[in-house]
Amino acid sequence: MSMTKQELYKMLELDSPADLGYFEQMADLLECEEEISFDLFYDVLSLVEADTAASIIENYFEEFSNAIPDDEDDFVVLVDSVKQNLLLGAENLDDEAVRREFAEALFTFREWIQKDGGAMIDELPCSVLAAVTEHRTEKLGGKMHRYSFPSVADYELDNISLSLGAYSKVDIVGDDDETDSKDFSN
């Protein structure tokens, strides 16, 4: 059963979506083991400001990347690509379509790290999140394990569309300092 709005807001210490602004809240939202519907997930992200979204995405993904085993280059590249995609989307959160795509991309990442069998610890299946969490513990002196992340090859990175605005007439200065007007509006 999915979390209710009240349960999720309480867990994230939010009175409203406007209160989302801390790395810890993003970590809790992405790493919560309880089922969260996309509509509720989107609701939490519905009022986050662009600069705040970029900051918490940057911090979360940096922390997440630091917990990836050193020999998992493809995993590091994937996580960096997801982060860059989200950061591009965060620049245009005033556009409702981009905000939705941003939330969908983040939700896809959440679902992927939570999915059972996305990773292996000592050849036993687990979620990507469980393996990354265990590796964090290992870095702090915990028991050493062997990790693999077979689901990295299956992750489909969605591209967030960017609003480029309207095209307009541009004046181009040529070699002979003459100005040619080119109409690129078509």
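Visitor: Where does Glu13 lie?

Guide: Glu13 is in the loop between H1 and H2. Please keep in mind that this is a predicted model.

Visitor: Is Glu13 buried or exposed?

Guide: Glu13 counts as exposed, because its relative accessibility is 69%, and exposed means over 50%.

Visitor: What about its backbone, what is phi of Glu13 near?

Guide: Phi of Glu13 is near 60°. That is a positive value in a residue other than glycine.

Visitor: And Glu123, what is its phi?

Guide: Glu123 is not a glycine either, yet its phi is positive, at about 70°. Glu123 belongs to the loop between strand S1 (119–121) and strand S2 (124–126). With 59% relative accessibility, Glu123 counts as exposed.

Visitor: Let us step back. How many helices and strands are there in the chain?

Guide: The chain has seven helices and five strands.

Visitor: In what order do the elements run from the N terminus?

Guide: The order is α-α-α-α-α-α-β-β-α-β-β-β.

Visitor: What share of the residues is buried?

Guide: Of the 186 residues in the chain, 39% are buried. As for the surface, the chain exposes about 11000 Å², and carbon and sulfur atoms supply 47% of that area.

Visitor: Which share of the contacts joins residues 24 or more positions apart?

Guide: Such pairs account for 64% of the contacts in the chain with a separation of 6 or more.

Visitor: Now helix H3. Why is it described as largely enclosed?

Guide: Helix H3 covers residues 38–45, and six of its eight residues are buried, so the rest of the structure largely encloses it.

Visitor: Which residues of H3 are the buried ones?

Guide: They are Phe38, Leu40, Phe41, Tyr42, Val44 and Leu45.

Visitor: What do those buried residues pack against?

Guide: They pack against three helices, namely H1 (5–12), H2 and H6 (96–114).

Visitor: Since H2 came up, which helix is Phe23 found in?

Guide: Phe23 is found in helix H2, which spans residues 23–31. At 25% relative accessibility, Phe23 counts as partly exposed.

Visitor: Which residues does Phe23 touch?

Guide: Leaving aside residues up to four places away in sequence, Phe23 touches Ile56, Asn59, Tyr60 and Glu63.

Visitor: One last residue. Where is the place of His145?

Guide: His145 sits in the loop between H7 and strand S3 (147–148).

Visitor: Is His145 buried or exposed?

Guide: His145 counts as buried because its relative accessibility is 18%, and the cut-off for buried is under 20%.

Visitor: What joins the side chains of His145 and Glu134?

Guide: A polar contact of 3.1 Å joins them. Not counting residues up to four places away in sequence, the residues that His145 touches are Ile121, Asp122, Glu134 and Glu138.

Methods. Residues numbered from 1 in each chain as written. Predicted model: local features only at pLDDT ≥ 70, side-chain atom pairs only at ≥ 80, totals over all residues. Heavy atoms only, no water. Helix = DSSP H or I, 4+ residues; strand = E, 2+ residues; numbered from the N terminus. Buried < 20%, exposed > 50% of the residue type's maximum accessible area, 1.4 Å probe, protein only. Contact = heavy atoms within 4.5 Å. Areas by Shrake-Rupley, 256 points an atom, 1.4 Å probe, with all protein chains shown as cover. Polar contact = N/O pair within 3.5 Å; in protein donor to acceptor, adjacent residues only side chain to side chain.
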